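Subject: Structure for you to look at

Hello,

Here is the structure I promised to pass on. Please open it and keep it beside this email as you read.

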Amino acid sequence: MKVLKFGGTSVGSAVSIKQVKKIVESYSEPVVVVVSALGGITDKLIETGRQAEKGETIYTASFDSICNRHRDIVRETVPKESRAEVTRKL
């Protein structure tokens, strides 16, 4: 069994996520896939948390941008027939 870890730029866009999918599918043996935050999201989460901690109401816009980025990735990578369910869970 292989453990494959992807993060940062390797999951930073729909194109790169599709490439990760190809890599995972190329293995004939069982794999465990570990995925960290989309590229740039960890820094954005830290920034958003700091804004909220300081009482800066702009944190809501920052949080919305994080949510929107994830929704965009779902729209670009998840097959149409599964998209509504994945979006609900997101």
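One term comes first: helices here are DSSP runs of H or I with at least four residues, numbered from the N terminus. By that rule, Ser-62 lies in helix H3. More on Ser-62 below. Please keep in mind that this is a predicted model.

**The overall picture**

The protein has 4 helices and 2 strands. Read along the sequence, they follow the pattern β-α-β-α-α-α.

What is the radius of gyration of the protein, and what would a compact globule of 90 residues have? The protein has 15 Å, but such a globule would have a value near 12 Å. The C-alpha trace spans about 50 × 30 × 20 Å along the principal axes.

Of the 90 residues, 19% count as buried. The accessible surface comes to about 6500 Å². Carbon and sulfur atoms account for 56% of that surface.

Now take the contacts between residues at least 6 apart in sequence. Of these, 58% join residues at least 24 apart.

The protein carries 15 positive and 11 negative charges.

Is Ser-62 buried or exposed? Its relative accessible area is 6%, so Ser-62 is buried; the cut-off for buried is under 20%.

Which residues does Ser-62 touch, not counting those up to four places away in sequence? They are Lys-44, Glu-47, Thr-48 and Gln-51.

Phe-63 is also placed in helix H3, which covers residues 59-77. Phe-63 has 45% relative accessibility, so it counts as partly exposed. Phe-63 and Leu-45 are 18 residues apart along the chain. Their C-alpha atoms are separated by 7.7 Å.

Val-74 has its place in helix H3. At 9% relative accessibility, Val-74 counts as buried. Set aside its neighbours within four places in sequence. Val-74 is then in contact with Arg-83, Val-86, Thr-87 and Leu-90. Ala-84 is 10 residues from Val-74 along the chain, and the two C-alpha atoms are 9.4 Å apart.

Thr-87, one of the contacts of Val-74, lies in helix H4. Thr-87 is partly exposed, because its relative accessible area is 33%. The partly exposed class falls between the two cut-offs, under 20% for buried and over 50% for exposed.

Thr-87 and Glu-47 are 40 residues apart in sequence. In space they are 24 Å apart, C-alpha to C-alpha.

**The salt bridges**

How many salt bridges does the structure hold? There are 3.

- **Lys-21 and Glu-25.** The closest N and O atoms are 2.8 Å apart. Both residues sit in helix H1 (residues 14-25). They are 4 residues apart, so about one helical turn separates them. Glu-25 counts as exposed, at 52% relative accessibility.
- **Asp-72 and Arg-75.** Their side chains meet at 2.1 Å, N to O. Both lie in helix H3, 3 residues apart, about one turn of the helix. Asp-72 is partly exposed at 32% relative accessibility. Arg-75 is partly exposed too, at 47%.
- **Lys-89 and Glu-85.** Here the closest N and O atoms are 3.2 Å apart. These residues are in helix H4 (residues 80-89). They are 4 residues apart, so the separation is about one helical turn. Lys-89 counts as exposed, at 68% relative accessibility. Glu-85 is partly exposed, with a relative accessible area of 42%.

**Where to look**

Finish with the 3 salt bridges.

Best wishes

Definitions and conventions
Residues numbered from 1 in each chain as written. Predicted model: local features only at pLDDT ≥ 70, side-chain atom pairs only at ≥ 80, totals over all residues. Heavy atoms only, no water. Rg over C-alpha atoms; globule rule 2.2 N^0.38 Å. Buried < 20%, exposed > 50% of the residue type's maximum accessible area, 1.4 Å probe, protein only. Contact = heavy atoms within 4.5 Å. Areas by Shrake-Rupley, 256 points an atom, 1.4 Å probe, with all protein chains shown as cover. Lys, Arg positive; Asp, Glu negative; His and termini not counted. Charge placed at Lys NZ, Arg CZ, Asp CG, Glu CD. Salt bridge = Lys/Arg side-chain N within 4 Å of Asp/Glu carboxyl O.
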